[in-house]
Each structure stands twice: as structure tokens, then as C-alpha cells.
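Please work through each task before reading its solution.

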Amino acid sequence: GLPAAFLQAGARRVVGTLWSVDALATVLLLHRFYTLITQEVSALIALRDATRWLRTLSQAEALNWWTQLRPYIPNGNPLL
């Protein structure tokens, strides 16, 4: 699959999923994950903390984040 191809191409780490995921939740999770990574947090800790953050996010907070992130998503659609 695609994660294996990245690893064979030389990537040190790949974050992937084994099942279908909600596109909006994925956008929010990865935004938080990459924010934590840039703060020199390990990938494992960043993924754990991003997952915890997403679980506690209210609908209003998710909508606020979506409003902020939407300009960076092609056509405003996280499925593209």
C-alpha cells in the first residue's frame, strides 16, 4: 500500500490508518499533530496528544478550527 511505498522510498516514519476516517476529523487531527511536531515533540507523543485533543474538542471549537483551516484546503473540501 501507500504507507509501505513511502517507507521503501526512504521515509523514516509514516502515519496511516487501517480503516476509513472522517475527512474533517483527519484535517483537525493532522493540523494538531504537525503543530506539536514543530514544537520538537516526538511523533508518538504528538499523535497521542492530538488524538486526546480531538476527542475533547466541542462542536463549536471544531467549527472554529475548520473556519481557520479551510483556506488551506483545496476547494475548501477535505476530501480532495
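**Exercise 1.** Which residues in H2 meet which residues in H3?

*Solution.* The model is a predicted one. Begin with the H2 side, where Ala25, Leu28, Leu29, Arg32, Phe33, Leu36 and Ile37 take part. On the H3 side, their partners are Ala43, Ala46, Leu47, Asp49, Ala50, Thr51, Trp53 and Leu54. Next, sort these residues by class: the contact of H2 with H3 has 12 nonpolar, one polar and two charged residues.

**Exercise 2.** Determine how the axes of H2 and H3 are arranged relative to each other.

*Solution.* First, locate the helices: H2 covers residues 23-37 and H3 covers residues 43-56. Their axes come within 8 Å and cross at roughly 135°. Angles over 145 degrees would count as roughly antiparallel, and those from 65 to 115 as roughly perpendicular. H2 is therefore oblique to H3. Finally, the handedness of the H2 and H3 crossing is right-handed.

**Exercise 3.** Describe the chain as a whole, from its elements to its surface.

*Solution.* Start with the elements: the chain has four helices and zero strands, in the order α-α-α-α from the N terminus on. Then consider dimensions; the C-alpha trace spans about 40 × 30 × 25 Å along its principal axes. Of the chain's 80 residues, 19% count as buried. The chain exposes about 6300 Å², and carbon and sulfur atoms supply 59% of that area.

**Exercise 4.** What percentage of contacts between residues at least 6 apart in sequence join residues at least 24 apart?

*Solution.* Take the contacts in the chain between residues at least 6 apart in sequence; of these, 42% join residues at least 24 apart.

Technical notes. Residues numbered from 1 in each chain as written. Predicted model: local features only at pLDDT ≥ 70, side-chain atom pairs only at ≥ 80, totals over all residues. Heavy atoms only, no water. Axes fitted to C-alpha atoms, helices over the stretch in contact; angles between N-to-C directions. Helix = DSSP H or I, 4+ residues; strand = E, 2+ residues; numbered from the N terminus. Parallel < 35°, antiparallel > 145°, perpendicular 65-115°, else oblique. Left-handed = near helix turned anticlockwise from the far one by under 90°. Contact = heavy atoms within 4.5 Å. Nonpolar A, V, L, I, M, F, W, Y, C, P; charged D, E, K, R; others polar. Buried < 20%, exposed > 50% of the residue type's maximum accessible area, 1.4 Å probe, protein only. Areas by Shrake-Rupley, 256 points an atom, 1.4 Å probe, with all protein chains shown as cover.
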